[in-house]
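The entries follow the order in which I looked things up.

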Amino acid sequence: MLCLSFSSMANDDSNKATRVMPSTTAETEMSRLAGDEFYKKVQDGKKGYTTSLSMEHDVLVSHPSETWYILKEKWMSPLGAIAVLGSLAMVTLAYFIVGPLKLSAPRTGRKIKRWSRIDRALHWSMAFTFLSLAITGMTLVWGKHFLKPVISTDAWGDIVYAAKQFHNYVGPIFFILLGAVLIKWWRKSTFKKIDLQWCLKLGGMVGPHKGTHPSAEFSNAGEKIIFWMLITCGFIAAISGFVLDFPIFGQGRRDMDVSNLAHMISALILICGFIFHIYIGLFGMEGALEGMVKGEVDETWAKEHHDIWYAEMKAQGKVEEPEQSDPKSQETADNAKS
Ligand code: HEM
């Protein structure tokens, strides 16, 4: 609650200045609630009086923050929507034009352990946390355009309040999981010379090398890129989120403006990047999801997509024969051998 004393402003002709008509939704709402006269007085950033001791307590409408508002609402919000919808359109096109990457040889039925129980728990907790933050975050940014007009004001209030609360409390969990992912997986995500070859051949997914299987270690270059993008943008999003979540460490309005923009940009990059990751995991590559669900992958998949890792596993005797009790896989293995 900010109580402003306007005695000194009442006779100040400069208040009648230029910007009188509210132009944004927030300004219109403020004008409607407080009245045009009151709004005219505060919109020029005039200082008033409050009993609060917090930073900038005496300024109700901050002019520099309008730059933030314009960047966020007039630039980031529409550009972000184009980026997210564009990414969805691209994966849809990839599905129909390029199609899922099928295994080029039959499965052998022999399995190789790829992800431990802890890895999988970490991945799926991270995926759930990230996706729920992405959905609540997008509701906070774009909900007023696509949801608010079609539901009651009360329902909109409840939804946006729930989204904000969820976002505030789950954000720190994402930060913790991100730290765990970094500690657990950074080693296998370091770039090597071989990754350049993989990039030049576009992973054998499109272009002149389509259908080839460029050499890769446990993680290919694409996975390494997405990993480091997750780590950098994830930490920017998490730390800027903390600055916004806990405005009790002397942050001023500028700190909040900058944090908000950094938060939005990093989160949007992640959302777009992970649309491609999720597409590949769910539809784009035969056999990839098995590894993250069951923990093990078929020998053929390992050989085709991660040949260097496969050779290491084979040398260490870690390629498991199919269980005898499973005649179907035994049959597949026999067929493959013959
Ligand atoms: C429905 C959603 C998702 C699906 C189906 C999915 C699927 C997969 C699959 C199949 C793998 C294993 C790839 C391999 O074995 O080489 C994987 C790895 C990974 N996923 Fe996801 N994922 C999803 C969401 C996410 C989200 C939201 C994040 C993070 C925000 C994430 C982060 C990762 C990371 C860091 C890896 C390891 C990449 C590496 O270094 O090898 N995933 N995912």
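The entries below cover the basis of the values, the ligand shell and the core.

**Basis.** I worked from a predicted model, in which local features need pLDDT of at least 70 and side-chain atom pairs count only at pLDDT 80 or more, while totals for chains, interfaces and linings use all residues. Residues are numbered from 1 along each chain as its sequence is written, and side-chain values use heavy atoms, with hydrogens and water left out.

**Ligand shell.** The ligand is surrounded by 22 residues, and the closest are Arg 114, Trp 115, His 123, Glu 223 and His 277. By class, 14 are nonpolar, five polar and three charged; Gly counts as polar here, and Pro as nonpolar.

**Polar atoms.** I then looked up pairs of N or O atoms within 3.5 Å. A side-chain N or O atom of Arg 114 lies 2.6 Å from a ligand oxygen. For Lys 188, the distance from a side-chain N or O atom to a ligand oxygen is 3.1 Å. A ligand nitrogen is 2.8 Å from a side-chain N or O atom of His 277.

**Elements of the shell.** Helices are DSSP runs (H or I, at least four residues), numbered from the N terminus. Two or more shell residues come from each of α4 (117-146), α7 (221-245), α8 (253-284) and α9 (288-294). α4 gives the largest share, five residues.

**Core.** I took a core as buried nonpolar residues (under 20% relative accessible area, 1.4 Å probe, protein chains only), joined through side-chain atoms within 4.5 Å. The largest has 47 residues, and Ile 112, Val 181 and Leu 230 have the most contacts inside it. α8 supplies the largest share of this core, nine residues.

Note on methods. Near = heavy atom within 4 Å. Polar contact = N/O pair within 3.5 Å; in protein donor to acceptor, adjacent residues only side chain to side chain. Buried < 20%, exposed > 50% of the residue type's maximum accessible area, 1.4 Å probe, protein only.
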